[in-house]
Amino acid sequence: MEAITLHVPTTVTLTDEQFYQLCIANEEHRMELTAEGDLIIMPPTGGESGIRNSDLNADLVIWNRQTRLGDVFDSSTIFKLPNGAKRFSYGDASRTPDVSWVIRERWEALSPDDRRRFPPLCPDFVIELRSETDNLPPLQRKMEEYLANGLRLGWLLDPQTPLAEIYRPDREVETLNFSTQPISPILSGESVLPEFILDLTSIFNFE
């Protein structure tokens, strides 16, 4: 099953509240609203992707519990991106990363209502994991959108190739192709996630 994309014309005003209620009424579906006017209904996660997502979240949560530097969010969290470069009349983009992290100071600066609904910010760190039904170019565009909205570090992981793309502000995307490069399957959280190390061995089935 592939994602279903519905175009919402700019003549139709889909407010934040309406989108929130739409998501609540269809809790069994994961939805995203892009700045271009597309409502994306994503397919459910398969077993293999579900295991990988859980492992990624667990690794980040363990690090975060030790450092207490921020908060970790799973793939069910929708963030309302600022998206100033792509602002349309119906609203901003709403995105759901597979794994995300926000530094504590930014999270605590939000109002209680913003925390309960769709946080109006871009995470400091995200991971997008390519599933069996995902095409790579849309995920790459999604990562670029995060960067344009304030992302400090992002990883796009593709177990199918396998490869990892590292996204940083004002720098070219770094691609690590593990099928052609004799490199260790290790990623560093750099200055954004101090001392966080992700071993991709199980994610890419290298064991």
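**Exercise 1.** Determine whether phenylalanine 178 and phenylalanine 204 are buried or exposed, and classify the geometry of their rings.

*Solution.* Step 1: burial. Both phenylalanine 178 and phenylalanine 204 are buried, where buried means under 20% relative accessible area, exposed over 50%, and partly exposed in between (1.4 Å probe, protein chains only). The model is a predicted one, in which local features need pLDDT of at least 70 and side-chain atom pairs count only at pLDDT 80 or more, while totals for chains, interfaces and linings use all residues. Residues are numbered from 1 along each chain as its sequence is written, and side-chain values use heavy atoms, with hydrogens and water left out.

Step 1: geometry. Rings of Phe, Tyr and Trp (its six-membered ring) pair if their centres lie within 6.5 Å; planes under 30 degrees apart count as stacked, over 60 as edge-to-face and the rest as tilted. The ring centres of phenylalanine 178 and phenylalanine 204 are 5.6 Å apart and the planes stand at 55°, so this pair is tilted.

Step 2: location. Phenylalanine 178 sits in the loop between β11 (174–177) and β12 (186–188), and phenylalanine 204 in the segment after β13 (197–199); the pair links distant parts of the chain, 26 residues apart. Helices (H or I, at least four residues) and strands (E, at least two) are DSSP runs, numbered from the N terminus.

**Exercise 2.** State how many aromatic pairs the whole structure holds, and describe the one formed by tryptophan 63 and tryptophan 101.

*Solution.* Step 1: count. The search of the whole structure gives 7 aromatic pairs.

Step 1: geometry. Tryptophan 63 and tryptophan 101 are edge-to-face, at 5.8 Å centre to centre and 65° between the planes.

Step 2: placement. Tryptophan 63 belongs to helix α2 and tryptophan 101 to strand β7, so the pair ties together parts that are 38 residues apart in sequence. Tryptophan 63 and tryptophan 101 are both buried.

Step 3: Ring pairs join Trp63, Trp101, Phe125, Trp155 and Phe196 into a cluster.

**Exercise 3.** Give the strand order of the open sheet of 6 strands, and trace the pairing on either side of β7.

*Solution.* Step 1: order. The open sheet runs β4-β7-β8-β9-β10-β11, with mixed pairing. Two strands pair if DSSP finds at least two bridges between them. Strands of a sheet pair through backbone hydrogen bonds, either parallel or antiparallel.

Step 1: edges and twist. β4 and β11 are the edge strands, each pairing on one side only. From one strand to the next the twist averages 10°.

Step 2: the β4 side. β4 (residues 70–73) and β7 run antiparallel and are joined by 4 bridges. Valine 72 stands opposite tryptophan 101, and phenylalanine 73 opposite serine 100.

Step 3: the β8 side. β7 and β8 are antiparallel over 3 bridges. Here serine 100 stands opposite valine 126 in β8.

Step 4: cover. Of the 5 residues of β7, 4 are buried.

Step 5: the helix. Helix α5 (residues 136–148) lies across β8, β9 and β10, at about 175° to β9. Axes are lines fitted to C-alpha atoms, for helices over the stretch in contact, and angles run from 0 to 180 degrees between N-to-C directions.

**Exercise 4.** Identify the residues with the most contacts inside the largest nonpolar core, and list the contacts of leucine 187.

*Solution.* Step 1: definition. A nonpolar core is a set of buried Ala, Val, Leu, Ile, Met, Phe, Trp, Tyr and Cys residues joined through side-chain atoms within 4.5 Å.

Step 1: membership. The largest core has 23 residues, and those with the most contacts inside it are Phe125, Trp155, Leu157, Leu187 and Leu200. Two or more residues each come from α2 (47–67), β7 (99–103), β8 (125–129), β9 (153–158) and β10 (163–167).

Step 2: leucine 187. Neighbours within four places in sequence aside, leucine 187 is in contact (heavy atoms within 4.5 Å) with Trp155, Leu157, Ala164, Ile166, Leu176, Phe196, Ile197, Leu198 and Leu200.

**Exercise 5.** Describe the surroundings of threonine 5.

*Solution.* Step 1: position. Threonine 5 lies in strand β1 (residues 4–7) and is partly exposed, with a relative accessible area of 47%.

Step 1: contacts. Beyond four places in sequence, threonine 5 is in contact with Asp38, Leu39 and Ile40. The C-alpha atoms of threonine 5 and leucine 39 are 5.7 Å apart, at 34 residues in sequence.
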